Amino acid sequence: MRSTRRDEILAHAAKLFSERGIAATTVRDIADEVGILSGSLYHYFDSKDAIANEIVVRFLEDLNVRYEDSIEPEGSARDRLATMVSVSFASAVDHPYATEVYQGEAILSSQPADAPITVLVQKAHSYWRSAITRGIADGEFREDIDPEQFHRLLRESVWSTVAQYRPQLSELADDLQRNLISVFLDGFAARFVDGEPVARIARRTAKNEAQTESPDSGFAELRSDVDELKSVIRELSSAIRQLQKP
């Protein structure tokens, strides 16, 4: 698709915002990068903030479409998450610096609940949560790891990896996503003993142990009772001796 002047402005602005931040980037800086006069930029956008918002909204809209298109109803939860990791990298390649701009700017990541960016972010998160919840329910993923913590760790690892390897992202994307999938999803996979998840066995065993008093515990209580009885007998004997004195 042929790039328009608006697309060029967004592309150059995204790189500048990522490197300098929105506050430190002027309209003139963007115009100079594009090769137009500062006044001409206002024919396309009302302000820097409008440019930043469109950079992030375009990225998130495309990301959600890709997530939705990648869903295989009959596929496993692991396959769905692996595909989402791959899709995330592909979208980051096609929208350079958009995720870095979003993560680096509090004004973009802390908006009202009904703001377009907030709505799009929550929709993106729902795809991750849905796959994780399904995987746990089906016994595919471990039950002893908090699903919300795992969701955040995996998601943030994807985007921080994108930012860290941005200059080589196109060349390294396949290796990076393969490593992330291996570390997170294989580690999150449920472990089984005789067809039952290990976490479920451990939880049931701990519950049974809590309900059943151990022999050592019973012996300790008996010993405590005996010691207390001995003390009472000594006190009683002492009192009797005192009474028997002339």
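Reader: So what pattern does the chain follow along the sequence?
Author: The protein chain reads α-α-α-α-α-α-α-α-α-α-β-β-α-α. That gives twelve helices and two strands, where helices (H or I, at least four residues) and strands (E, at least two) are DSSP runs, numbered from the N terminus.

Reader: Where does the model come from, and how are things counted?
Author: This is a predicted model, where local features need pLDDT of at least 70, side-chain atom pairs count only at pLDDT 80 or more, and totals for chains, interfaces and linings use all residues. Residues are numbered from 1 along each chain as its sequence is written, and side-chain values use heavy atoms, with hydrogens and water left out.

Reader: Which element has the lowest mean pLDDT, and which the highest?
Author: Helix α12 (residues 215-244) is lowest at 51, and helix α2 (residues 27-34) is highest at 96. pLDDT is the predictor's confidence in each residue, from 0 to 100. The mean for the protein chain is 84, with 76% of its residues at 70 or more.

Reader: Okay, new topic. How many residues are in the largest nonpolar core?
Author: The largest one has 59 residues, and those with the most contacts inside it include Ile30, Tyr67 and Phe89. A nonpolar core here is a set of buried Ala, Val, Leu, Ile, Met, Phe, Trp, Tyr and Cys residues joined through side-chain atoms within 4.5 Å. Buried means under 20% relative accessible area, exposed over 50%, partly exposed in between (1.4 Å probe, protein chains only).

Reader: You mentioned Tyr67; what does it pair with?
Author: Tyr67 and Trp128 form an edge-to-face aromatic pair, 6.0 Å centre to centre with 85° between the planes. Rings of Phe, Tyr and Trp (its six-membered ring) pair if their centres lie within 6.5 Å; planes under 30 degrees apart count as stacked, over 60 as edge-to-face and the rest as tilted. Tyr67 lies in helix α4 and Trp128 in helix α8, so the pair ties together parts 61 residues apart in sequence.

Reader: Are those two buried or exposed?
Author: Tyr67 and Trp128 are both buried.

Reader: Now Glu100. Where is it, and is it buried or exposed?
Author: Glu100 is in helix α6 (residues 98-104), and it counts as buried because its relative accessibility is 13%.

Reader: What does its side chain make a polar contact with?
Author: The side chain of Arg166, at 2.7 Å. A polar contact is a pair of N or O atoms within 3.5 Å; within protein, one must be able to donate a hydrogen and the other to accept it, and residues adjacent in sequence count only if both atoms are side-chain atoms.
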